[in-house]
Amino acid sequence: MTIHTTDSTLATDSTTVVNYDTVSATANPTQSPASPEEGNTMIQPLLELKRITHRYHQGDSVITALDTVNLELLPHEIVCIMGPSGGGKTTLLNICGFLLQPDHGKVVVNGKVPDQSSSRRARLRNQVFGYIRQDYAVIDHDKVWQNVAIPLEYRKKPIYGHKAKALCSQALAKVNLAGKENVRVSQLSGGQKQRVAIARCLVNDPSIILADEPTAALDHENAQEIMTLLRDWAHDPTQRHGLILATHDPRIIPYCDRIFSLQDGTLTQESATHLQA
Amino acid sequence: MRQFGHEVGNGIALVANHFIQVITIMMLMGLVCFSIGMNLPIVTDKAIALYQSQELRAHDPVYFTAYYDDTREKTEDQASVNILANELTKGTAVSYISNDIELSHKDFANRHHVFIVMGSKANLAVFGIPHPQSTKPRAYLGSALTETSINLPIAGYKLTAREHLPANASFFSPHGFGESFAHYVVIVLPPSALLRMDEAEKENALFNTVFLMNEPSHISDHDLSAFLHSCHRRGMDFIPQNLSVDLPEQFRKVVAFTISYVVPSLALLILVFFLFYSLGKTLVREEMTELRIRYLFGATLGSLSIRVITFLLLSLVIPAVLPTALLAYWAQEKFVIPGIIILIFTAIVFVLCTLTSMRTIKRSIS
């Protein structure tokens, strides 16, 4: 079994994309900006998957979705997981986001292994992670701001009402949806709905966004807009943000710092040029 | 606590999105409760009475069908009344008066239906009455009557009905089927009281006479002949009928009658309950996106279950129970059984929908 992992010795800086593969960072138009932490010898990863194995039972057969997978997400980094449908991408994201417990291995967040109690996991989902899904995952019959405010309701100190709406307005402004607070989501286009989903991630200021096929249902222009938004968020030099994308949309490749292929449960780091070819 | 209140509040708010389903559930449950509530007592009264008539049947009873000849001159012949009173005293007959009681006294028994039973074997005809063997004059209120007491001056007695009969008290008439005593005032009188009744009451008692022919001292052929002749002189031609022979036929009629009520009610019940369950699942499915999103962004299954339970209580349970409760308030005893059926089913659907929604959330997330 071949296991391709991120070499921890290379993980000194999110901008050291060139170290990971043959792709030159300067050759990438969407290269990450210099990190404020550049020069630090040890950068703590935002998220680490250590020897994660997960299997599904389907009738009598056992399907290995993830086989001893290791992965690190550094600050300001955009990691892309590519692979065929049913290849385990969503499973990997769910394990990253504490939505699913792996059979083996551990998930480390900011250097710590959180306990697996349901309330602790819920707290992590709320404070550390933001989720974007292919199907937009928005509540059509609610107003835009009500959709965006959901994470605020589950904070340790929940925020409701006017204060929540004000925070939602700020988040919506970041995704160019200022003034749409009171519009019903059902009245928005697909691209706008996805931006509402992004605003919902941003409103709680998470450090990691897990995006599952975020551009799959979008046209080229909307896909570009969404990826630009996400890239700008991840590469914000003033914050410790990181983004993991699961996709088979090749349009996303130029926006990513590292690209992995997930097939038959095995995670393999890919060359971007190879993928683009 | 604040989070709990918030989840409850949001569960309430969700109901507003499902106004049409809520109204549909209310109408469906109201319909099914009303339908069963109206049909079930009719069926059960008759079935219970017929079942209980087995005891009467064991006494080889003879009753009479009457033909009235209005062209003939009638007399108030007392021989038949005396024979009946004598047989009642011996315990070889039972009789009752269900119509034409105290015609001159319009407000008698607060204008409720009155049923008078006579004879020490009255328990054969009247069921659910305490101490039925006693002929001591006494009176009872039907279970549906709201009065606490009613004064009943009759046949020289000044009775007061205070005690309520059990809800299932009913009587079996060889002439018809069974009927519930729920709305009746029931009076038990000794045989001697018959002699002090007015002619209309006596005539009714004669018509409802049942002779118990398996008793060792049953009515003699001579007395029976005299009884029939006396009734003839009163304008009534009686034809003796053997209840043991007639009962199987009556039983078949009751079964057919019961089926004609029960089968459509049962079909409606099954249909409505499947619809109800399906509506419950639809409600949950429609809210699943929101529940999933909330789970993604920090809700625990515990907090989501508060939301789902509140939502289902308001959108399923209350709409289902409200019409039942209103109907039960309006006509208590009729809707007790359908109310219980609906409550049980609602509880099952509620638990199923809650578990389904929780399982679906967990499954869809992972």
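**View 1. Chain B as a whole.** Chain B shows an accessible surface of about 16,900 Å², and carbon and sulfur atoms own 63% of that. Areas like this come from the Shrake-Rupley method with a 1.4 Å probe, and for residues only the protein chains shown count as cover. Keep in mind that this is a predicted model: local features need pLDDT of at least 70, side-chain atom pairs count only at pLDDT 80 or more, and totals for chains, interfaces and linings use all residues. Residues are numbered from 1 along each chain as its sequence is written, chains are lettered from A and ligands numbered from 1 in the order in which they are written, and side-chain values use heavy atoms, with hydrogens and water left out. Chain B has 8 helices and 13 strands; these are DSSP runs numbered from the N terminus, helices being H or I with at least four residues and strands E with at least two. Of its 366 residues, 49% are buried, meaning under 20% relative accessible area, with exposed being over 50% and partly exposed in between (1.4 Å probe, protein chains only). Take the contacts in chain B with a separation of 6 or more: 79% of them come from residues 24 or more positions apart. A contact here means heavy atoms within 4.5 Å.

**View 2. Chain A as a whole.** Chain A carries 9 helices and 9 strands. Buried residues make up 57% of its 277 residues. The accessible surface comes to about 11,700 Å², with 47% belonging to carbon and sulfur atoms. For contacts between residues at least 6 apart in sequence, 73% join residues at least 24 apart.

**View 3. Where chain A meets chain B.** The contact draws 25 residues from chain A and 21 residues from chain B. About 2,000 Å² is buried between the two chains, and carbon and sulfur atoms give 57% of it. Buried area is the accessible area (1.4 Å probe) that two parts lose on being put together, summed over both. On the chain A side, Arg125(A), Tyr154(A) and Tyr160(A) lose the most area to chain B, together 31% of what that side buries. Between the chains, 5 residue pairs are in polar contact, both residues at pLDDT 80 or more. That term covers a pair of N or O atoms within 3.5 Å; within protein, one must be able to donate a hydrogen and the other to accept it, and residues adjacent in sequence count only if both atoms are side-chain atoms. Helix H3 (118-127), strand E5 (129-133), helix H5 (150-153) and helix H7 (190-202) of chain A each put at least two residues into the side that touches chain B. H3(A) gives the largest share of that side, 5 residues.

View 4. Over all chains, the count is 14 salt bridges, each being a side-chain nitrogen of Lys or Arg within 4 Å of a carboxyl oxygen of Asp or Glu. One of them runs between chains, from Glu153(A) in helix H5 of chain A to Arg294(B) in helix H6 (residues 243-296) of chain B. The interface of chain A and chain B has 1 salt bridge by this rule. Glu153(A) and Arg294(B) sit 2.6 Å apart, N to O, and both are buried. Arg294(B) also pairs with Glu290(B) at 3.0 Å, N to O. Those two both lie in helix H6 of chain B, 4 residues apart, about one turn of the helix.

View 5. Glu199(B) and Lys202(B) meet side chain to side chain in a salt bridge of 3.4 Å, N to O. Both lie in helix H4 (residues 199-207), 3 residues apart, about one turn of the helix. Lys202(B) has a relative accessible area of 6%, so it counts as buried.

**View 6. Glu87(B) and its neighbours.** Glu87(B) belongs to helix H3 (residues 79-90) of chain B. Its relative accessible area is 0%, so Glu87(B) is buried. The side chain of Glu87(B) makes a polar contact with the side chain of Thr92(B) at 2.3 Å. Leaving aside residues up to four places away in sequence, Glu87(B) touches several others, including Phe211(B), His218(B) and Asp223(B).
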